[in-house]
Structure formats: C-alpha cells, structure tokens
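Visitor: I'd like to learn how to read a fold from its coordinates. Could you walk me through one?
Guide: Gladly; let's take a look together.

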Amino acid sequence: MADERKYEWGEGVYTLLSWFKQDRVKNAHVLVAGAGALGNEVVKNLALFGVGHITVVDFDRIEVSNLTRSVLFREQDAFSHAYKAQVVAERAMEINPQIRVDAIVGNLFSEVGFGIYRRADVVIGCLDSRLARYQLNRLCMRAGKTWVDGSIENLTGVVRVYAPGVNCYECGLSREEFNHIMLRTGCADVVRTQSSAGRVATTPVSASIIGAMQVQEALKVIHQESGEPTPFKSLTGKMLRYEGMNCTTKVYNFASWKSNCPAHRRWEPVRECPRLKASLTVTRALDVLRQELGVKAVEINMCNNKFIDFIACDNPEREFRVMIPESRLDHHISSDRELRQLSYRTLFHKHFYENLDYDFPYGDLTLQQVGIPPLDVLQVTTDRGQFFVELTGDLT
Ligand SMILES: [Zn+2]
C-alpha cells in the first residue's frame with residue numbers, strides 16, 4: 001500500500017505506458033483558457049495525468065445552470081457566485097495534491113500576462129465565442145505556441161489544433177465570421193456593452209468527449225516538444241468532428257495559413273527584465289526601460305488594453321470620470337446604477353490612452369492600474385527601434 005506521504009502520482013500506472021514520459025508531464029505547464037463545461041473536463045484530466053503546472057483563466061462566476069455539466073462545481077459554489085477559475089483550481093488540487101493550479105480571474109486577452117503564454121508548453125482553448133478564439137489565436141501565434149481548440153453544441157463537438165506555421169484560426173475565418181468579430185472589437189471610441197453571448201445547449205457527455213480529446217492532443221504536444229520521435233499522429237492542421245446523435249467521428253484536413261495574415265507576427269526576441277513588474281508606476285517603468293534599453297525616448301504601446309480616464313455621452317451631455325482599463329469598463333458601467341440606466345438609451349464615447357510616455361498625465365498610476373497585467377510583455381517603441389520587454393520581476 002502506498003504510504004500516505006511518499007508516493008508519486010501515476011507510479012505503477014502511467015509507467016506502464018511505453019510512450020508516457022512522466023517527467024515531461026510533471027514538468028509541463030498548460031494554460032487553460034475558459035473554466036466552463038469544457039474547462040472543467042480539461043483541467044480534471046490534466047490533473048489526473050499529473051500535469052505539474054496548470055493555469056486556468058476565466059472571468060465568470062458560477063451559476064446554477066453550470067452545474068449540469070461541470071464536474072468540479074458544487075451547488076454551494078453557485079449559491080455563493082464563486083469564480084469559476086478559482087473553484088476549478090481548488091478542486092483540481094484536491095484531485096491531485098501534487099500539482100500546482102493557478103487561477104486567473106480575468107480576460108484571457110487583456111488580463112493574462114504574455115509571459116504566461118510564453119512559458120506554457122501548450123494552450124487549451126475552452127471558449128464559447130469567436131472573439132475569444134480570435135484573441136487566443138493572436139496571443140498563441142505571438143508566443144509561438146500550439147493551441148488546442150474545443151467547441152461543443154448539443155451532442156456534437158469539434159477539436160482543432162492550431163500551430164504556428166501550419167494552421168491559424170484567423171486564416172480559417174470566413175469574411176462573414178471575421179466581420180462579426182470586428183463588430184465586437186471595432187469602433188474603438190464607442191462603448192458597446194457586451195451583448196449576451198448566444199448561449200448554446202451543451203451536454204455533459206459532449207463536454208467529456210471533446211475535453212478528453214483536447215487533453216489527449218495537448219499531451220501529444222507536450223511529448224513532441226521533447227524532440228524525440230513519438231508514436232502519435234496529432235490533429236495539428238486537422239479538424240475532428242464528433243457527432244453523437246448518429247455516433248460518427250470524422251477527421252477533416254482543415255489547415256489554413258495565409259502569407260499576409262497579421263496574426264502571424266511573432267513577438268521576439270523578448271528581453272526578460274527582472275527590474276520591471278506590474279506594481280511599478282508608469283513613470284518609474286519608463287525610467288527603467290530607458291536605462292535597460294539605453295535609449296532616450298521611450299513609449300509603451302498597449303496592444304491588448306487601453307486606459308480610459310473618462311467616458312462621455314451626448315444626450316444628456318455629460319462626462320464621467322472612470323480611470324480604469326478598457327477591459328473593466330463593461331463591468332464598471334453595469335455595476336454603476338446611473339451609468340447602467342444611461343447605457344440603455346445612449347452611447348458612451350471613451351477618452352482613452354493606448355500609448356504611455358512621459359506625457360501620459362497619470363504617471364503615478366501603476367502599470368497594473370492602467371491595464372497591464374503581471375508578467376506581461378511590453379511592446380516598447382524607442383529612438384532605437386521596437387523592443388519586447390517582459391515584466392520578469394513579477395515571477396518572484
Ligand atoms: Zn493567420
């Protein structure tokens with residue numbers, strides 16, 4: 001019988017599998033975007049496999065309707081409106097106490113440091129919107145990471161694997177799909193309160209099947225990265241479609257990689273800078289950047305977020321000071337009674353900053369306060385060209 005303290009997860013089990021590299025899996029870091037039905041299944045399986053480090057991202061809270069297909073949630077979590085990511089992380093570590101699961105309650109695009117993407121071995125998308133997939137794809141391409149996409153509806157589900165140089169989500173979008181996404185992201189100076197995402201009915205069975213396939217593909221990526229030959233055939237550049245009503249599974253060749261796609265730009269080289277962290281003020285960060293890069297002029301370009309000091313509406317003609325990152329604006333409006341009432345009948349215009357230099361009037365705010373998350377990578381324009389600089393000080 002295994003000693004209560006001295007056993008190694010998977011010993012005598014996974015060690016029987018000739019292809020399974022226990023150390024590789026134990027040392028792997030997997031980023032899971034989304035902690036809904038698929039995210040629950042995916043994290044559960046990663047924990048069972050003993051993946052040593054998992055980061056799970058979701059901004060949402062648990063509702064009663066989630067309980068039907070989310071193995072890690074309990075009734076009490078819905079009653080207390082707990083955050084999905086936090087509950088998933090806690091329960092996964094109950095399943096396997098030998099792993100570390102970090103929760104990030106926030107938006108995968110604007111509130112997860114790019115350093116986390118850079119450090120992940122593979123990314124798994126458990127998302128329910130095209131916009132989120134479009135954003136995740138951009139980040140993974142920037143970081144040069146493979147990502148495994150899953151989607152479910154009713155009794156069907158789809159798994160796709162996107163890898164830089166082979167297959168890109170953005171390249172595979174039809175014009176209509178692309179325009180739909182641009183409608184959600186475009187019109188930078190006008191506030192659009194999030195339209196309720198079209199909810200689709202899903203079942204626990206399709207979530208189990210597709211979530212399991214995603215983890216299986218992610219494990220292949222983890223093993224392939226060791227550089228040794230593997231016995232696997234991966235879904236990279238293909239699409240697997242499972243249809244439960246008639247019980248069919250088909251694999252299609254579904255790779256799209258166009259030469260002029262803006263998503264393919266890789267952010268490299270990244271300079272790791274231990275002196276920088278998200279808790280520094282903007283002014284201090286600019287000083288450090290000038291010293292580190294040996295430049296005179298420096299400007300931080302906020303690519304995934306903006307800082308909004310006020311919003312204005314025409315009817316009635318009013319201005320409201322908000323002082324928050326754009327990623328928090330919808331939440332701010334919906335939790336402020338007056339703004340929420342106004343948002344039903346008028347459009348707000350945002351006054352924002354997307355570049356931070358010494359002319360930025362709120363230099364005493366921290367990077368995080370203006371919308372730059374810990375361990376992010378700054379895109380910095382200087383008199384000596386452009387640099388990518390990581391807030392590596394957030395690692396310690
Ligand atoms: Zn592309």
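Visitor: How many residues does the largest nonpolar core have, and which of them have the most contacts inside it?
Guide: First, the ground rules: this is a predicted model, where local features need pLDDT of at least 70, side-chain atom pairs count only at pLDDT 80 or more, and totals for chains, interfaces and linings use all residues. Residues are numbered from 1 along each chain as its sequence is written. A nonpolar core is a set of buried Ala, Val, Leu, Ile, Met, Phe, Trp, Tyr and Cys residues joined through C-beta atoms within 7 Å. Buried means 20 or more other C-beta atoms within 10 Å of a residue's own, exposed means 12 or fewer, and partly exposed is in between, with C-beta atoms placed from the backbone. Here the largest core has 97 residues, and those with the most contacts inside it are Val-30, Val-32, Val-56, Val-88, Val-123 and Ile-124. Helix H8 (residues 204-224) gives the largest share, 9 residues. Helices (H or I, at least four residues) and strands (E, at least two) are DSSP runs, numbered from the N terminus.

Visitor: Where does this core lie relative to the domains, and why?
Guide: Domain bounds come from an automatic or database domain assignment. Domain 1 (14-264) and domain 2 (270-395) both contribute residues, so the core lies between them. The centres of the two domains, taken over C-alpha atoms, are 28 Å apart. Their contact takes 15 residues from domain 1 and 24 residues from domain 2; two residues are in contact if their C-beta atoms, placed from the backbone, lie within 7 Å.

Visitor: Which residues does Ile-124 touch, beyond its neighbours within four places in sequence?
Guide: Ile-124 is in contact with Val-30, Val-32, Val-42, Trp-147, Val-148, Gln-214 and Ala-218.

Visitor: How do I check the span of H8?
Guide: The expected span of a helix is 1.5 Å times one less than its number of residues. The 21 residues of H8 should span 30 Å, and its end C-alpha atoms are 30 Å apart, which agrees. Because 16 of those 21 residues are buried, H8 is largely enclosed by the rest of the structure.

Visitor: And what about helix H2?
Guide: Helix H2 (residues 37-49) has 13 residues and should span 18 Å; its end C-alpha atoms are 19 Å apart, which agrees. In H2, 12 of the 13 residues are buried, so this helix too is largely enclosed by the rest of the structure. Among the buried ones are Val-42 and Phe-49. Just after H2, Gly-50 takes a positive phi of about 85 degrees.

Visitor: In what order do the strands of the open sheet run, and which stand at the edges?
Guide: Strands of a sheet pair through backbone hydrogen bonds, either parallel or antiparallel. Two strands count as paired if DSSP finds at least two bridges between them. In this case, 5 strands form an open sheet in the order E9-E16-E15-E10-E14, with mixed pairing. Strand E9 (270-273) and strand E14 (355-356) stand at the edges with a single partner strand each, so one side of each has no neighbour in the sheet. Strand E10 (residues 298-301) runs antiparallel to E14, joined by 2 bridges, and Asn-301 has Asn-355 in E14 as its bridge partner.

Visitor: How many bridges join strand E5 to E6?
Guide: Strand E5 (residues 147-153) is joined to E6 by 7 bridges, and the two run antiparallel. Gly-150 stands opposite Val-159 in E6. Their hairpin has 2 residues between the strands, and there Asn-154 takes a positive phi near 50 degrees.
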